[in-house]
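Please read this briefing alongside the sequence and the coordinates.

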Amino acid sequence: MFTKHMEDHPKDPEPSESDVFSETEEKSRNRYEHRRCWVFDDILAIDPDQEWAKLTQFAVIQRDRRIGSQQTTELHYYIMSREMSAKSVLESVRSHWGIENSQHWKLDVSFNEDASKIHERTAAKNVATVRRCCFNAHSLSARFPKESMKTRIELAGLNDEYRTELIREHSFF
C-alpha cells in the first residue's frame, strides 16, 4: 500500500504545505538520521471491513540512518485512534523511544539485563516484569537514599529486613 501511494504521489508535499507529510534530520558525531512521515486518512485501504472501530488514521515513517559508512533504511507503520499531523506523529514516536531507551539503559545498568541468558520468550517476559517491579520498588523506597540502584539491589539480596520491607511497602503483585 505504501509503495502504491509513493507511485501515485511521486513528489512529496512540502512540510509547510500540509499536515500529511513531515521530516526531521539529526546529526551527531558519526551518525546521521533522516526521518520522513506520511499520514493517511484513507483507513478503508487498510481496514476495508472496518474491524477497528476507533481507527482514524495510519502513518508510515521512513527512517534512513547512516553510522560511519553503514547505511540502513527502515519503514515503520502506525495505526492511530486520534487524528494527528505528521509532525506530531514524528514527535510522539521519537519521545516514546527516548523513554523506552532510557528505561532499558537503567535496567541494564542495574540488573545487567543485556547479559541475561534467558532466551525462552515467556520466561524472558516474566523476568523482565519482575525486574521492573523490583526497580520501581527500589526507586520508591526512602531507605539508602544515597546509594546507587545497583547497590540497593545488592543490599536487598543480603539484607532480609530490607528485602521484606520492599515487598511489604511497595508490592506490585
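The model is predicted. Its protein chain has 173 residues, of which 30% count as buried, and contains five helices and four strands.

**Fold and surface**

- Along the sequence, the elements of the protein chain come in the order α-β-β-β-β-α-α-α-α.
- Among contacts in the protein chain with a separation of 6 or more, 45% join residues 24 or more positions apart.

**Largest pocket**

- The largest pocket holds about 320 Å³ of space.
- It is lined by 14 residues, and those closest to its centre are Glu33, Arg35, Arg63, Arg94 and Trp97.
- The lining of the largest pocket divides into five nonpolar, three polar and six charged residues.
- At least two lining residues come from each of strand 2 (31-40), strand 3 (57-67), strand 4 (70-80) and helix 2 (86-111).
- Helix 2 contributes the most to this lining, with six residues.

**Aromatic pairs**

- The count of aromatic pairs is three, and two of the pairs, Phe21 with Trp38 and Phe144 with Tyr162, are described here.
- Phe21 counts as buried because its relative accessibility, 4%, is under 20%.
- Trp38 is buried as well, with a relative accessible area of 2%.
- The ring centres of Phe144 and Tyr162 lie 4.9 Å apart and their planes stand at 85°, which is over 60 degrees, so this pair is edge-to-face.
- The pair of Phe144 and Tyr162 also links distant parts of the chain, 18 residues apart.
- Phe144 sits in the loop between helix 3 (121-140) and helix 4 (149-158), whereas Tyr162 is in helix 5 (residues 160-169).
- Phe144 has 24% relative accessibility and counts as partly exposed, because this value falls between the 20% and 50% limits.
- Tyr162, at 0% relative accessibility, counts as buried.

Technical notes. Residues are numbered from 1 along each chain as its sequence is written. This is a predicted model: local features need pLDDT of at least 70, side-chain atom pairs count only at pLDDT 80 or more; totals for chains, interfaces and linings use all residues. Side-chain values use heavy atoms; hydrogens and water are left out. On a 1 Å grid over the protein atoms alone, a cavity is a set of points where a 1.4 Å probe fits but cannot get out, and a pocket is an open set with protein on both sides within 12 Å along at least five of seven lines; lining residues have an atom within 4 Å of a point. Grid points are joined across faces, edges and corners, and a volume is the space filled by probe spheres set on the points. Ala, Val, Leu, Ile, Met, Phe, Trp, Tyr, Cys and Pro count as nonpolar, Asp, Glu, Lys and Arg as charged, and the others, Gly among them, as polar. Buried means under 20% relative accessible area, exposed over 50%, partly exposed in between (1.4 Å probe, protein chains only). Contact means heavy atoms within 4.5 Å. Rings of Phe, Tyr and Trp (its six-membered ring) pair if their centres lie within 6.5 Å; planes under 30 degrees apart count as stacked, over 60 as edge-to-face and the rest as tilted.
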